[in-house]
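Here is a short briefing on one protein chain. Keep the sequence and the structure in view as you read.

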Amino acid sequence: MEDPVSDIPRVIRLLTQSAPSTQRATIEKYFTPSASFTHPCCRTGSFEGSRWLIWCIYRWYKIMSPRIEITIDGVAYDEKNLTLYVNIHQVFRIWVIPFFKAPVSLVTVLKLVRYPPLPRQPSYSTPISPNDTAINSLQRSTSSEKPLYFIQSQNDLYQVNEFFNFFSQFGILSGLLLLWQFVATALCIVGATMFWPISWVEQNVIGGNREKSIGDAVRG
């Protein structure tokens with residue numbers, strides 16, 4: 001990618017909505033050979049050739065849900081740390097389960113590596129094939145004098161209730177979780193009310209001295 005913020009929506013759509021050959025070519029072009037993938041249901045780790053596992057995951061993802069509705073709600077880029085945060089909404093359907101539909105939202109965190117144009121052959125931490133698509137793109141970047149960005153890791157982050165949508169039709173588990181979250185909030189109110197003396201001691205005895213514990217304050 002030359003511009004991660006503008007390019008990543010197209011890359012995500014190619015990964016999730018394209019034909020098998022295009023999907024594989026996209027992974028080989030934009031992921032490093034040792035890229036990793038992390039999801040609540042699976043992970044690959046990072047090692048030489050781990051990119052092949054990412055292709056298997058995306059292929060099975062499309063086999064389960066051949067038609068995926070996906071919307072990119074927003075992209076944030078931490079240029080200093082080479083990290084993309086992509087807010088995604090998708091509707092996941094499993095074709096073998098009639099009427100199943102899982103609308104979920106997630107944030108995908110993509111760690112990038114940057115290869116600026118260099119007058120000499122760059123070195124790599126992972127041995128790669130000279131026919132590798134990503135490296136061919138890198139070699140072209142040296143002549144175009146534009147840095148290219150490749151995905152080193154992908155981490156899909158779901159709220160618990162969103163993740164439950166994959167396993168529960170009609171939002172039953174999500175509804176139970178929502179109920180528990182309100183109960184937990186009520187317990188927080190009870191705890192904050194019952195143990196207000198601890199807050200009083202923290203405010204009036206300890207003050208802003210974070211190195212001083214409540215036990216130290218009691219001992220004087």
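A salt bridge here is a side-chain nitrogen of Lys or Arg within 4 Å of a carboxyl oxygen of Asp or Glu. By that rule, Glu28 and Arg24 form a salt bridge, with their closest N and O atoms 3.5 Å apart. The model is predicted. The chain has 220 residues, and buried residues make up 35% of them.

**Fold**
- The chain holds 8 helices and 6 strands.
- From the N terminus on, the order of elements is α-α-β-β-α-β-β-β-α-β-α-α-α-α.
- Leu148 sits in strand E6.
- Leu148 counts as buried because its relative accessibility is 10%, and the cut-off for buried is under 20%.
- The C-alpha atoms of Leu148 and Val113 are 8.3 Å apart, while 35 residues separate the two along the chain.

**Salt bridges**
- The count comes to 3 salt bridges.
- Side chains of opposite charge can pair when their charged atoms come close.
- Glu28 and Arg24 are 4 residues apart in helix H2 (residues 20-30), so about one helical turn separates them.
- Glu28 is partly exposed at 29% relative accessibility, and Arg24 is partly exposed at 33%.
- Glu69 and Arg93 meet through their side chains at 2.9 Å, N to O.
- Glu69 lies in strand E3 (residues 69-78) and Arg93 in the loop between E4 and E5, so this pair ties together parts 24 residues apart in sequence.
- Glu69 is partly exposed at 42% relative accessibility, as is Arg93 at 30%.
- Lys146 pairs with Glu2, the closest N and O atoms being 3.7 Å apart.
- That pair links distant parts of the chain, 144 residues apart: Lys146 is in the loop between helix H4 (133-144) and E6, and Glu2 is in the segment before H1.
- Lys146 is partly exposed, with a relative accessible area of 43%, and Glu2 is partly exposed at 44%.

**Largest pocket**
- The largest pocket holds about 550 Å³ of space.
- Its lining has 30 residues, and Phe37, His39, Tyr61, Asp156 and Tyr158 lie nearest the centre.
- Elements giving two or more residues to the lining include helix H1 (4-17), strand E1 (31-39) and strand E5 (102-115).
- Helix H3 gives the largest share of the lining, 6 residues.
- The lining divides into 24 nonpolar, 5 polar and 1 charged residues.

**Nonpolar surface patch**
- Trp60, Ile63, Trp95, Val96 and Ile97 form a nonpolar patch on the surface, with about 560 Å² of accessible area together.
- Ile63 belongs to helix H3 (residues 51-64).
- Ile63 counts as partly exposed, at 38% relative accessibility.

Technical notes: Residues numbered from 1 in each chain as written. Predicted model: local features only at pLDDT ≥ 70, side-chain atom pairs only at ≥ 80, totals over all residues. Heavy atoms only, no water. Patch = residues over 30% accessible without salt bridge, like charges linked within 9 Å, V, L, I, M, F, W, Y side chains within 5 Å. Areas by Shrake-Rupley, 256 points an atom, 1.4 Å probe, with all protein chains shown as cover. Buried < 20%, exposed > 50% of the residue type's maximum accessible area, 1.4 Å probe, protein only. 1 Å grid on protein atoms, 1.4 Å probe; cavity = no way out; pocket = protein on both sides within 12 Å on 5 of 7 lines; lining within 4 Å. Points joined across faces, edges and corners; volume = space filled by probe spheres on them. Nonpolar A, V, L, I, M, F, W, Y, C, P; charged D, E, K, R; others polar.
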